[in-house]
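Please examine the sequence and the structure before reading on.

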Amino acid sequence: MRERFIRELEESLYIHRPLPLHREREGEARFPEKKVLAARPIAAMPRAEGLASLEPLDGGYIMRAPLRSDHWPEGAPADGDYCNFGTAKLTFALGREDWRGYNRLRFRVKPVIAGARILHLNVSVRNRGEIPLPDPYFREGATVFDLENGIWQECFWEFAAMPRDAICELNFYVFCSGHDVSGGENLTYTFKDIILEQVEAPEHEHGWENPNPGIRLSTVGYLPKGIRTAIAATAASEFHLVDADTGNVVYSGKVQQIENERGRFAVLDFTAVERSGSYFLRTDDAESAPFEIRSDLCQESLWKVLNFFFCERCGFPVPGKHGACHQDILSHHNGVAMSFSGGWHDAGDVSQQAAQTGEAVQAMFENARHCKKGSPLYLRLMEEAQWGLDFILRTRFGDGFRATSAGATRFTDGLMGNFDDVKARV
């Protein structure tokens, strides 16, 4: 594994604290440097909806809202199954604006929730032109931002492929999903400088064929055995594989132009190089990011998956994420009640499912079998698997019935018997 990653792993106590996020490696990190060809501000005055209140600000707006409510929103199930306490929303009514001359929305936001460690913001549009948005499955016309608490941050939403010939609404909204044990009870989001922009070389969104210049790699790296290729948008006839440590060219090859049902591609094949090391690819008009050829790529990936599962733990205080949670997710059977807290949250919310937990536990045990017994990776795989196994075993009622799942998108208050409890299925 790479030395930097090994240090981060050790500093995480082999992931008893989350691994650091590398924002500088995100695709969005290069967005501020893109050349802006045209721009105009969103001039409309928004209205507050849902639980939100609105305060005008010089050059912007302040949205305030409670994170909890004492009742479910209109239209929600009576037991609050899979719903939040409400939504705080700012809506800009735009008539039928033609945004086809722009491909990006840019704005600044400062979210403040006392003590909160996980914050988000949703942004969406409604288009009433040739292709309406959002579509029935909400696949386009919306995006979500992960934010940091208490600081100004610049957000970019690129949408070059999105239908936008008659935009009638722009929405900024936050799901009021309760608060963590350390969190305050209200949110304050301040918005400034909401601007439409036309930028050069927007991100490619649909399909395999990418018209933007550049070299696309396996971001995990490559194993010494097997085929090793990269895909490029280049007119060059030759490419070079360069040792990232010495700067020496270690292999040169011909660029292959391939056309198939997925499009036209320039293929850079460097399968001939099997020596482990750090490299990058270069053509006359492009250069790739550094990457590794190593036999232990799977180890680093496994550690990162373990990091993800640790951060998803339910009923456990995850440092930097949340405290012990959801102890009032309850299942009832034959006159007794059981807490369904434990295991791991779902990937997109805080739901729980026994079946998926079982599949994850089995996968961890199977991977542990292929690790050296007593090694840090073996021990950590076994530990995380046993965390999930404990959840599976203790959510049985003993007569063939078990708690199976609970749909939740909110942080509950931990008090059993009041209205915000989540009911687990049996």
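**Salt bridges in the predicted model**

The structure holds 36 salt bridges, each defined as a side-chain nitrogen of Lys or Arg within 4 Å of a carboxyl oxygen of Asp or Glu. The model is predicted, so local features need pLDDT of at least 70 and side-chain atom pairs count only at pLDDT 80 or more, whereas totals for chains, interfaces and linings use all residues. Residues are numbered from 1 along each chain as its sequence is written, and side-chain values use heavy atoms, with hydrogens and water left out.

One of these pairs joins E300 to R2, with N to O at 2.3 Å. It links distant parts of the chain, 298 residues apart: E300 belongs to helix α2 (residues 297-311), and R2 to the segment before α1 (3-11). Helices (H or I, at least four residues) and strands (E, at least two) are DSSP runs, numbered from the N terminus. E300 is buried at 7% relative accessibility, while R2 is partly exposed at 29%; buried means under 20% relative accessible area, exposed over 50%, and partly exposed in between (1.4 Å probe, protein chains only).

A salt bridge also connects R117 with D180 (2.3 Å, N to O). Because R117 lies in the loop between β6 (104-112) and β7 (119-127) and D180 in the loop between β10 (167-176) and β11 (186-199), the pair ties together parts 63 residues apart in sequence. R117 is partly exposed at 34%, and D180 is buried at 11%.

Within helix α4 (residues 376-394), E383 and R380 are 3 residues apart, about one helical turn. Their closest N and O atoms are 3.7 Å apart in a salt bridge. E383 is partly exposed at 30%, whereas R380 is buried at 2%.
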